[in-house]
Amino acid sequence: MIEHLNNYPQKFNILITSKCNLRCKHCYLNPKQTEMSIETFSDIVVFLDKINVKEVCIEGGEPLCHQKFDLICHSLSTLLCTKKIVTNATLLTDDSINLIDKTFDVVQVSIDGGTKAEYENIRGLNSFSNLIKGVELLSNIKNKVQINFVLTSLNYLNIDKLFSFAFSYGLYRFRFVLVVDFSRKIIPSEDIISCFILKVIELKKQYRNAEISFVFPEQSILPYTDLLLLNGISNYIGICYAATVYTVIDSDKTVYPCNFLTRKKPLFSFCCETFFHNWKMDDFLNNVRKNLQTNECIGCPANYDCL
């Protein structure tokens, strides 16, 4: 099984641009101003089609900052797999929402606060009004939308207001992720994490048709597994799939083991002809597969299983 996975990544996260219109406090990417060319993206799509990839996730930066986002969507149209996009929704227009609806199966929208003040404390002043406009457009494709909420020490108090806000627009899917903060400045305490999980469980009882998942490390989520399942909440134990079933291609074609090590641990440059050789032979990837501890992964709360 592992040998098969080592030779066949099934999910690719493609960072089509490093440009972003926001500067979020929990963002783990070092800002650059690179943008993937349409030629490179098209080559990657052809490659992914040949290997029958299972899932592609388009990310940034903010994907809508790509100057040729329409051509990105056009290139993806022939690819037969699950297609996702991650967006902050603040740049959405009627045209882009139509493109997204035609191209993607899942639209993950980042909303990291239950109130205007909480949201803008993390994502920047005057960003909430643009979020409202984007969410209004997303309500037209609500069955594809999943709200992605990154839990930090700054935004745990008003989760009930996020549920109320989301449901007012017909949005009912939630994905809660514990922040990956290598600086350790905004990581919530275990008490905050515990209270947050219990609050979400109570909200699930109020909003019965909410679809909720947690992407938390094992030590945080394990005590609540039975309670979560009893209330119909799916949960992820903190398993890292880097180097086995997924990888990341940055806007400059650099391949990384996972999103959290983007711009921190470059592996090799993407090339259709050499990708599988590099994927199989790279020392860092092989160390991760063997569960050997690496300095780059220390402190990443998403990756307990690979340490």
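Modeller: A helix here is a DSSP run of H or I with at least four residues, and helices are numbered from the N terminus. By that convention, Leu230 belongs to helix α10, which covers residues 225-230. Please bear in mind that the model is predicted.

Leu230 has a relative accessible area of 70% and is therefore exposed, since exposed means over 50%. Together with Leu198 and Leu227, Leu230 makes up a nonpolar surface patch, and the three residues have about 280 Å² of accessible area together. In soluble globular proteins, nonpolar side chains tend to be buried together.

Helix α10 is also one of the elements against which the buried residues of α8 pack. Helix α8 runs from residue 190 to 206, and its 17 residues should span 24 Å at 1.5 Å a residue. The C-alpha atoms at its ends lie 25 Å apart, which agrees with that expectation. Among its buried residues are Ile192, Ile193, Phe196, Ile197, Val200, Ile201 and Leu203. Ser194 and Lys204 of α8 are buried as well. Besides α10, the packing partners of these buried residues are the strands β5 (145-151), β6 (173-178) and β7 (211-215), together with the helices α7 (159-168) and α9 (218-221).

Beyond its neighbours within four places in sequence, Leu48 touches Phe12, Ile14, Val53, Val56 and Leu79.

Notes:
Residues are numbered from 1 along each chain as its sequence is written. This is a predicted model: local features need pLDDT of at least 70, side-chain atom pairs count only at pLDDT 80 or more; totals for chains, interfaces and linings use all residues. Side-chain values use heavy atoms; hydrogens and water are left out. Patches are made of residues with over 30% relative accessible area and no salt bridge: like charges are joined within 9 Å, nonpolar side chains (Val, Leu, Ile, Met, Phe, Trp, Tyr) within 5 Å. Accessible areas come from the Shrake-Rupley method with a 1.4 Å probe; for residues, only the protein chains shown count as cover. A salt bridge is a side-chain nitrogen of Lys or Arg within 4 Å of a carboxyl oxygen of Asp or Glu. Helices (H or I, at least four residues) and strands (E, at least two) are DSSP runs, numbered from the N terminus. Buried means under 20% relative accessible area, exposed over 50%, partly exposed in between (1.4 Å probe, protein chains only). Contact means heavy atoms within 4.5 Å. The expected span of a helix is 1.5 Å times one less than its number of residues.
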